[in-house]
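Visitor: I am new to this structure and would like to learn how to read it. Could you take me through it one feature at a time?

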Amino acid sequence: MTAIGILGSAGKMGQAIAAAVPDLGGTVAGGIDAGADRAALAALAERADVLVDFSSPSALAANLAAARTAGTPILIGTTGLSAAHHAFVKEAASEIAVLQTGNVSLGVTLLAKLVREAAGRLGSDWDIEIVEMHHRHKVDAPSGTALLLAEAAATGRGIALSEAKVTDRAGLTGARSEGTIGMASLRGGSVAGDHMVVFAGEGERVEIGHRAENRAIFARGAVTAALWLAGKPAGSYTMAEVLGV
Ligand SMILES: NC(=O)C1=CN([C@@H]2O[C@H](COP(=O)(O)OP(=O)(O)OC[C@H]3O[C@@H](n4cnc5c(N)ncnc54)[C@H](OP(=O)(O)O)[C@@H]3O)[C@@H](O)[C@H]2O)C=CC1
Ligand SMILES: O=C(O)C1=N[C@H](C(=O)O)C[C@H](O)C1
């Protein structure tokens, strides 16, 4: 059976993943949390057939280094990654199988495709805004999912997200610039993860979204992706490939 090593095992996602593993036909190789030493991380990477990382951006470099040394595929679900983190991920994919995504659910994987299609079909006079809401403990904004959906919209429009995204409206902002992609973040309570993409045209709006009702959907997606990733050759993989949507 495929043995899955969990990075961030004591966290909310780490615990949900450990609970989902038996049902989906894998085993848990062990877990690592903040404060673990490099030897323990290296030993887990050797022991596991695949690693799943739902920890913290500050752990990413060490986690990728351990995966590369052991030659172990890794799923990275941690969000709040910087451009430098994304460069590490890309470099690691030249040596091992890597799947990095802001959302492992089936629903959001499909939603990203729909957003890309809608953005491509509606002209740039349709304004794109993304609203997300998460629980009060979330530490990064915009969410990884909002960024993933914004990327899908930018790809559909044939533009670079880095030049189109707006995340900081406050005060005298001036009128909205055509072609921008706005993101707004709400935080509160125990919301597992809501995302709404709004295409606002003159006199009408198209709204498509996703609501996660619990963390189990992410755990199932993570374990499904991990089992699929184990044994794959070096390269960058996507949830769309895993789920076939
Ligand atoms: N891609 C996706 O579909 C999803 C992604 N996520 C993302 O996953 C991440 C974790 O979320 P969640 O479980 O809710 O957060 P939690 O804060 O509940 O869990 C994070 C865990 O990682 C541990 N950790 C911190 N630093 C390290 C380190 N250096 N090495 C190993 N473990 C470490 C924390 O330990 P300690 O508490 O001691 O600091 C904690 O146990 C977030 O970035 C979140 O956005 C969440 C859901 C779905
Ligand atoms: O922190 C969370 O909880 C979640 N994080 C991911 C994100 O940043 O989009 C995925 C999901 O929405 C839950």
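Guide: Start with a ligand and the residues around it. This is a predicted model. Ligand 2 is surrounded by Thr79, Gly102, His134, His135, Lys138, Ser143, Gly144, Thr145, Ala192, His195 and Phe218.

Visitor: How many residues of each class are in the shell around ligand 2?
Guide: The shell around ligand 2 has 8 polar, 2 nonpolar and 1 charged residues.

Visitor: Which polar atoms lie close enough to ligand 2 to count as contacts, and at what distances?
Guide: The cut-off for a polar contact is a pair of N or O atoms within 3.5 Å. From the side chain of His134, a polar atom lies 2.6 Å from an oxygen atom of ligand 2. A backbone N or O atom of Gly144 is 2.8 Å from a ligand 2 oxygen. For Thr79, a side-chain N or O atom is 3.4 Å from an oxygen atom of the ligand. As for cover, ligand 2 taken alone exposes 320 Å², and the protein buries 84% of that.

Visitor: Which residues are closest to ligand 1?
Guide: Ligand 1 has 22 residues around it, and the closest are Lys12, Met13, Asp33, Thr79 and Val104. A polar side-chain atom of Thr79 lies 2.5 Å from an oxygen atom of ligand 1. The backbone takes part too: an N or O atom of Thr101 is 3.2 Å from a nitrogen atom of ligand 1, and a backbone N or O atom of Gly102 is 3.2 Å from a nitrogen atom of this ligand. Alone, ligand 1 exposes 920 Å², of which the protein buries 72%. By class, the shell of ligand 1 has 10 polar, 8 nonpolar and 4 charged residues.

Visitor: Where is Thr78 found, and is Thr78 buried or exposed?
Guide: Buried means under 20% relative accessible area. Thr78 has a relative accessible area of 5%, so it is buried. Thr78 is found in the loop between strand E4 (74-76) and helix H4 (83-92).

Visitor: What does the side chain of Thr78 reach?
Guide: A polar contact of 3.1 Å joins the side chain of Thr78 to that of Asp53. A polar atom of the Thr78 side chain also lies 3.0 Å from the backbone nitrogen of Ser55. Leaving aside neighbours within four places in sequence, Thr78 is in contact with Asp53, Phe54, Ser55, Ser56 and Pro57.

Visitor: How should I read the nonpolar core?
Guide: In soluble globular proteins, nonpolar side chains tend to be buried together. Here the largest nonpolar core has 27 residues, and Ile4, Ile17, Val52, Phe54, Leu75 and Leu99 touch the most other members. Elements that each supply at least two residues of this core include strand E1 (3-7), helix H1 (12-24), strand E3 (50-53) and helix H8 (216-229). The largest share, 7 residues, comes from H8.

Visitor: What is Phe54 in contact with, beyond four places in sequence?
Guide: Phe54 is in contact with Leu7, Gly8, Met13, Ile17, Leu75, Gly77, Thr78, Val104 and Ala222.

Visitor: Where does Thr72 lie, and is Thr72 buried or exposed?
Guide: Thr72 lies in the loop between helix H3 (60-70) and E4. Its relative accessibility is 4%, so Thr72 counts as buried. Not counting residues up to four places away in sequence, Thr72 touches Ala45, Ala48, Asp49, Val50, Leu51, Ala67 and Ile96.

Visitor: Which residues does a cis peptide bond join?
Guide: The cis peptide bond is between Ala141 and Pro142, with omega about -10°. Pro142 is found in the loop between strand E6 (127-134) and helix H6 (144-157).

How values were computed: Residues are numbered from 1 along each chain as its sequence is written. Chains are lettered from A and ligands numbered from 1 in the order in which they are written. This is a predicted model: local features need pLDDT of at least 70, side-chain atom pairs count only at pLDDT 80 or more; totals for chains, interfaces and linings use all residues. Side-chain values use heavy atoms; hydrogens and water are left out. A nonpolar core is a set of buried Ala, Val, Leu, Ile, Met, Phe, Trp, Tyr and Cys residues joined through side-chain atoms within 4.5 Å. Buried means under 20% relative accessible area, exposed over 50%, partly exposed in between (1.4 Å probe, protein chains only). Helices (H or I, at least four residues) and strands (E, at least two) are DSSP runs, numbered from the N terminus. Contact means heavy atoms within 4.5 Å. A polar contact is a pair of N or O atoms within 3.5 Å; within protein, one must be able to donate a hydrogen and the other to accept it, and residues adjacent in sequence count only if both atoms are side-chain atoms. A residue is near a molecule or strand if one of its heavy atoms lies within 4 Å of it. Accessible areas come from the Shrake-Rupley method with a 1.4 Å probe; for residues, only the protein chains shown count as cover. Ala, Val, Leu, Ile, Met, Phe, Trp, Tyr, Cys and Pro count as nonpolar, Asp, Glu, Lys and Arg as charged, and the others, Gly among them, as polar.
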